[in-house]
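Subject: Structure handover

Hi,

Here is the structure for you to look through. Please open it beside this email and follow along.

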Amino acid sequence: MAVGHYSTPDALLRDADLALYAAKAAGKDRYALFDASMHEGNEGRQELEADMSEAVRGAQLSLLYSRSST
C-alpha cells in the first residue's frame, strides 16, 4: 500500500509495487505500507537487472555444471 502526494501515477504505482513485494516476502496474509527505505534495496536490484540484461545481450554468460558422483 502506498499513500501520499505523488507527482505522477507511475510514481504511486512504483511505490505500491515495492510495498507489494515487501508484503509477499513477509509471508501469507500480510500487507505492507510503503516507506522510503524500500527504495534502497530496489536501486541495487535494478542495477543488477540492467547489468544481467546487458551480459545476456552481449553473450557474456556461459553455463557450467558438474555432475555428482553419487
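In which helix does Met-38 lie? Met-38 lies in helix α2, residues 38–57. Helices here are DSSP runs of H or I with at least four residues, strands are runs of E with at least two, and both are numbered from the N terminus.

First, the ground rules. This is a predicted model, where local features need pLDDT of at least 70, side-chain atom pairs count only at pLDDT 80 or more, and totals for chains, interfaces and linings use all residues. Residues are numbered from 1 along each chain as its sequence is written, and side-chain values use heavy atoms, with hydrogens and water left out.

**The whole chain**

The protein chain has 2 helices and 0 strands. Its C-alpha trace spans about 55 × 35 × 15 Å along the principal axes. The radius of gyration is 18 Å, while a compact globule of 70 residues would have one near 11 Å. That radius is taken over C-alpha atoms, and the globule rule is 2.2 Å times the number of residues to the power 0.38.

Buried residues make up 16% of the 70 residues. Buried means under 20% relative accessible area, exposed means over 50%, and partly exposed is in between (1.4 Å probe, protein chains only). The accessible surface comes to about 6,300 Å², and 54% of it belongs to carbon and sulfur atoms. Areas come from the Shrake-Rupley method with a 1.4 Å probe; for residues, only the protein chains shown count as cover.

**The core**

The largest nonpolar core has 7 residues: Ala-2, Leu-18, Ala-19, Ala-23, Ala-32, Phe-34 and Met-38. Helix α1 (residues 9–26) gives the most to this core, with 3 residues. A nonpolar core is a set of buried Ala, Val, Leu, Ile, Met, Phe, Trp, Tyr and Cys residues joined through side-chain atoms within 4.5 Å.

Back to Met-38. Met-38 counts as buried because its relative accessibility is 18%. Leaving out residues up to four places away in sequence, Met-38 touches Leu-18, Ala-19, Ala-22, Ala-32 and Leu-33. Contact means heavy atoms within 4.5 Å. Ala-32 also has contacts beyond four places in sequence: Met-1, Ala-19, Ala-22, Ala-23 and Met-38.

Now look at Asp-15. Asp-15 sits in helix α1. Is Asp-15 buried or exposed? Asp-15 is buried, because its relative accessible area is 3%. Beyond four places in sequence, Asp-15 touches Ala-2, Tyr-6, Phe-34 and His-39.

**The surface**

Met-1, Val-3, Tyr-31 and Leu-33 make a nonpolar surface patch of about 500 Å². Val-3 lies in the segment before α1. At 60% relative accessibility, Val-3 counts as exposed. Patches use residues with over 30% relative accessible area and no salt bridge; like charges are joined within 9 Å, and nonpolar side chains (Val, Leu, Ile, Met, Phe, Trp, Tyr) within 5 Å. A salt bridge is a side-chain nitrogen of Lys or Arg within 4 Å of a carboxyl oxygen of Asp or Glu.

**Backbone angles**

Most residues other than glycine have a negative phi. Asp-29 has a positive phi, near 55°. Asp-29 is in the loop between α1 and α2, and counts as exposed at 82% relative accessibility. Ala-59 also has a positive phi, of about 55°. Ala-59 is in the segment after α2, and is exposed with a relative accessible area of 66%.

Best wishes
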